[in-house]
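Subject: Structure handover

Hi,

Here is the structure for you to look at. Please open it beside this email and follow along.

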Amino acid sequence: MSQSHFTLGFPLKSPADAKVVAEQLPPMMPNLFQAADTIGRIHYSRFTVLSEKTLLFLADFDGEFGQLMADLAKLAGPVFDAIVPHVDNPPPVPVADNAGTFVEWAASHLVHAVNLYTAYPDVTAKEIKALASAADVNGGGELHPFLVVLPIKSKLAFIEVQLILRARGHGTTKDLDKVGTPHFAQFVPLEDNQIGFFTVYDGSFDKYIADFTKNIGPIFDLIFKFTKNPPPSPCRKHLQEFIDFAAGANRTPIGFYQAYPGLSVQDIHALVADRKSELASAG
């Protein structure tokens, strides 16, 4: 499996810096998107302001983290140069001229996921784009990022939740496969005893949550035992309450990059299946 995910945390100097970053980044996203298209190994990416002290940068990508960050430093340096003045103990700027140092700094500020999910683990972003182009499939779907942050009751509960998520890793993958609309998903431990659930999905929010609740509700029922002010459980019997809770806990993305816009999970599965069928016939 060549795919991976990173959650990179930028420690911000102050609440004022968090506000400035949130205002400065959106107009710079076309630069980042162009760089991502040129690199060709990023499936999805997005920034979000986690809190007054942390900016997160998330991406689902192919290959090695170090090479990807080096390429981003060189091709999207101005984006990171705009962030650096607001960061505690930042890397040197311009980032493009200090790519090696930036890669080391970024590696030391990674937040490692408890588990990772991908709906199509054996195909790269470049391969998906090539298959879609060859089949003349543009995709008319609608994709969204989902950035839910759950406040856990205590440090002990925070550790317990991570243990549960690790133990449930394979089961969670099977449950997400049944949902059929998530592309990538991660549970990520965050500052102040919080758990992030970060995903990219197809379709409307309400339908996603309804399908999600039916198939993966039990894992959230478990987490909610350790969560501050949770919605009522079980989720599947309190769907509207869960939808309202998830909407309230969802963070606003900044700059949602998509390597193959409009292609749903099922579109990609169909393209991959067709390629395998063609290869089998040729063989």
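Below are some notes on helix contacts, a pocket and a few backbone details.

First, the ground rules. This is a predicted model, where local features need pLDDT of at least 70, side-chain atom pairs count only at pLDDT 80 or more, and totals for chains, interfaces and linings use all residues. Residues are numbered from 1 along each chain as its sequence is written, and side-chain values use heavy atoms, with hydrogens and water left out.

**Helix contacts**

Helices (H or I, at least four residues) and strands (E, at least two) are DSSP runs, numbered from the N terminus. Axes are lines fitted to C-alpha atoms, for helices over the stretch in contact, and angles run from 0 to 180 degrees between N-to-C directions.

Start with α8 (residues 169–179) and α9 (residues 205–224). Their axes come within 9 Å and cross at roughly 140°. The two helices are therefore oblique to each other. Angles under 35 degrees count as roughly parallel, over 145 as roughly antiparallel, 65 to 115 as roughly perpendicular and the rest as oblique. From α8, the contact (heavy atoms within 4.5 Å) uses T172, D175, L176, K178 and V179. From α9, it uses Y208, D211, F212, N215 and I216. By class, that gives five nonpolar, two polar and three charged residues. Here Ala, Val, Leu, Ile, Met, Phe, Trp, Tyr, Cys and Pro count as nonpolar, Asp, Glu, Lys and Arg as charged, and the others, Gly among them, as polar.

Now take α9 with α10 (239–249). The axes of α9 and α10 come within 10 Å and cross at roughly 90°. So α9 is roughly perpendicular to α10. Residues of α9 in this contact include F205, I209, F220 and F224. Those of α10 include L239, F242 and I243. The contact of α9 with α10 has 12 nonpolar, one polar and one charged residues.

Look at F205 in α9. Setting aside neighbours within four places in sequence, F205 touches F146, I243, A246 and A247. F205 and F220 are 15 residues apart along the chain, and their C-alpha atoms are separated by 17 Å.

The last pair is α6 (residues 125–134) and α11 (residues 265–282). Their axes come within 10 Å and cross at roughly 80°. That makes α6 roughly perpendicular to α11. E127, I128, L131 and A132 of α6 meet I268, L271, V272 and R275 of α11. Six of these residues are nonpolar, none polar and two charged.

**The largest pocket**

A pocket is an open set of points on a 1 Å grid over the protein atoms alone, where a 1.4 Å probe fits, with protein on both sides within 12 Å along at least five of seven lines; lining residues have an atom within 4 Å of a point. The largest pocket is lined by 13 residues, and S4, H5, F6, L110 and H112 lie nearest its centre. Strands β1 (3–11) and β4 (110–111) each give two or more residues to the lining. The largest share, four residues, comes from β1. The lining has seven nonpolar, five polar and one charged residues.

**Backbone details**

Which peptide bonds are cis? One runs from V93 to P94, with omega near 0°. Another runs from S233 to P234, also with omega near 0°. P94 sits in the loop between α4 (77–83) and α5 (99–108). P234 is in the loop between α9 and α10. N89 is in the loop between α4 and α5. N89 has a positive phi of about 45°, although it is not a glycine.

Best wishes
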